[in-house]
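The sequence and structure are shown below.

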Amino acid sequence: QVQLVESGGGLVQAGGSLRLSCAASGRSATAYSMAWFRQAPGKERDFVAHISWTGGHTYYAGSVKGRFTISRDGAKSTVYLQMNNLGPEDTAVYYCAAPRLPYYSSADYYRKSEYVYWGQGTQVTVSS
């Protein structure tokens, strides 16, 4: 089992940047692929980015590609989401997620159903 704790959210003006962190703890925490999702008020929870457990493969939603960067610090079991050129459309609660098993990879990395461990979420608000 793995526990996830997000941090780094806040209020930022349009065009600004934020870096979110997701600290993973538990057995084999460094060996989980990880993803970020976000949920705006009244909307579904949507995929944002994914990183493989090695850190060698990353994937992004089209709406954030080129602006967001996902990375991980294996030694600290922490995954980051660097968000640049933020816009009001990026306002949401951001969640990190991990699949059931370590060393797991899937072509369905963008589906919520692939993940069983979720953090509590961190609010990101972008003002225009």
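What follows describes the disulfide and the salt bridges of this predicted model.

**Disulfide**

The count comes to one disulfide. Cys-22 and Cys-96 form this link, with their sulfur atoms 2.0 Å apart. Cys-22 belongs to strand β3 (residues 18-26) and Cys-96 to strand β9 (residues 92-98), so the bond joins distant parts of the chain, 74 residues apart. The link of Cys-22 and Cys-96 is right-handed, with 60° about the S-S bond. Cys-22 and Cys-96 are both buried.

**Salt bridges**

Three salt bridges are found in the whole structure.

| Pair | N to O distance |
|---|---|
| Asp-90 and Arg-38 | 2.8 Å |
| Arg-67 and Asp-90 | 2.8 Å |
| Asp-108 and Arg-111 | 3.6 Å |

Arg-38, Arg-67 and Asp-90 are linked in a network of salt bridges. Asp-90 sits in the loop between β8 (78-83) and β9, while Arg-38 is in strand β4 (residues 34-39), 52 residues apart from Asp-90. Arg-67 lies in the loop between β6 (58-60) and β7 (68-73), so its pairing with Asp-90 ties together parts that are 23 residues apart in sequence.

Asp-90 has a relative accessible area of 0%. Arg-67 counts as buried because its relative accessibility is 15%, and the cut-off for buried is under 20%.

The pair of Asp-108 and Arg-111 has partly exposed members: Asp-108 has a relative accessible area of 28%, and Arg-111 has 40% relative accessibility.

Note on methods:
Residues numbered from 1 in each chain as written. Predicted model: local features only at pLDDT ≥ 70, side-chain atom pairs only at ≥ 80, totals over all residues. Heavy atoms only, no water. Disulfide = S-S within 2.5 Å. Helix = DSSP H or I, 4+ residues; strand = E, 2+ residues; numbered from the N terminus. Buried < 20%, exposed > 50% of the residue type's maximum accessible area, 1.4 Å probe, protein only. Salt bridge = Lys/Arg side-chain N within 4 Å of Asp/Glu carboxyl O.
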